Amino acid sequence: AYRGQDAVRTLHVGKATSTNSQNYVQVNDDAAVYIVGTTLRRDFDKQCDDIRSRSIYSLGDEKIDTLSCTVYPAEDGEDGRAGQPERFAFRREAAGQDGESGGQDGEQLNVSKDSWKLTAGQVESGKELDEDKVASWASSLSLLSASSWLADGSPVPAGYGLAGELSFTTGGRDYRCTLYRGKEGDEDAYVMACSQTPYLFKVAGYVAARYSKHLADFAK
């Protein structure tokens, strides 16, 4: 423990006693060994990742204005979408106000919901865009947290391939996210990069699914 540049206390924490409720400790340069009635080893035995914030971004009440997504097929073709990357984009159009009864003193007011327009890509022939699904997706992107961090400065792990790229704007700011897919044992694993942090991080599968959508997911 430091005050300014001066060390004011140094604890050398040893192993726990047989009851695991106490610890052997040395204080500063004192050669004596003390038993303290608390589990200091449990409290202090932390890695940086244990106390590091895992929040990547949080938009709060801000609404996403535009969305652009590129999804890459799995190299082994397991997703059944072998071929070229799929690219599509949306733009949110703010709701207007239509005259409709319901306000106080006969005031005519009805605030309609925002709409989403497809600005790049094409929905499968014979199907229509479901704007509610797009709105729900945009809402799910308002918060991103890491399940764990990769070591600072480390590259994308070997064996991971590009799975998706997603960009969106909100409040005049641009956000860019890149998703990589790989394997850990027999399980799918995901690593992400985001413009809000210089560090790579891992995410759970359900989080990765938000950043690798296909346009067909938004059809009625």
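Arginine 92 is buried, with a relative accessible area of 18% (buried means under 20%, exposed over 50%, partly exposed in between, with a 1.4 Å probe and protein chains only). This is a predicted model, in which local features need pLDDT of at least 70 and side-chain atom pairs count only at pLDDT 80 or more, while totals for chains, interfaces and linings use all residues. Residues are numbered from 1 along each chain as its sequence is written, and side-chain values use heavy atoms, with hydrogens and water left out.

You will find arginine 92 in strand 8 (helices are DSSP runs of H or I with at least four residues, strands are E runs of at least two, both numbered from the N terminus). Beyond its neighbours within four places in sequence, arginine 92 is in contact with Lys63, Ile64, Asp65, Asp114, Ser115 and Trp116 (contact means heavy atoms within 4.5 Å). Its side chain makes a polar contact of 2.6 Å with the side chain of aspartate 65 (a pair of N or O atoms within 3.5 Å; within protein, one must be able to donate a hydrogen and the other to accept it, and residues adjacent in sequence count only if both atoms are side-chain atoms). A polar atom of that arginine 92 side chain also lies 2.9 Å from the backbone oxygen of isoleucine 64.

## Salt bridges

How many salt bridges are there? The count comes to 14, where each is a side-chain nitrogen of Lys or Arg within 4 Å of a carboxyl oxygen of Asp or Glu. Lysine 127 pairs with glutamate 124 in one of them, with the closest N and O atoms 3.7 Å apart. Salt bridges that share partners also join Lys63, Asp65, Arg92 and Asp114 into one network.

Aspartate 114 and lysine 63 meet in a salt bridge at 3.0 Å, N to O. Aspartate 114 is in the loop between strand 10 (110-111) and strand 11, and lysine 63 in the loop between strand 6 (55-58) and strand 7, so the pair ties together parts that are 51 residues apart in sequence.

## Helix 3

Which residues of helix 3 (residues 131-140) are buried? They are Val134, Trp137 and Ala138. These residues cover an arc of only 100 degrees around the axis, which puts them on the same side of helix 3 (the arc is that of the directions from the helix axis to the C-beta atoms). What covers them includes strand 7 (66-71), strand 8 (86-93), strand 11 (115-120) and strand 14 (161-170).
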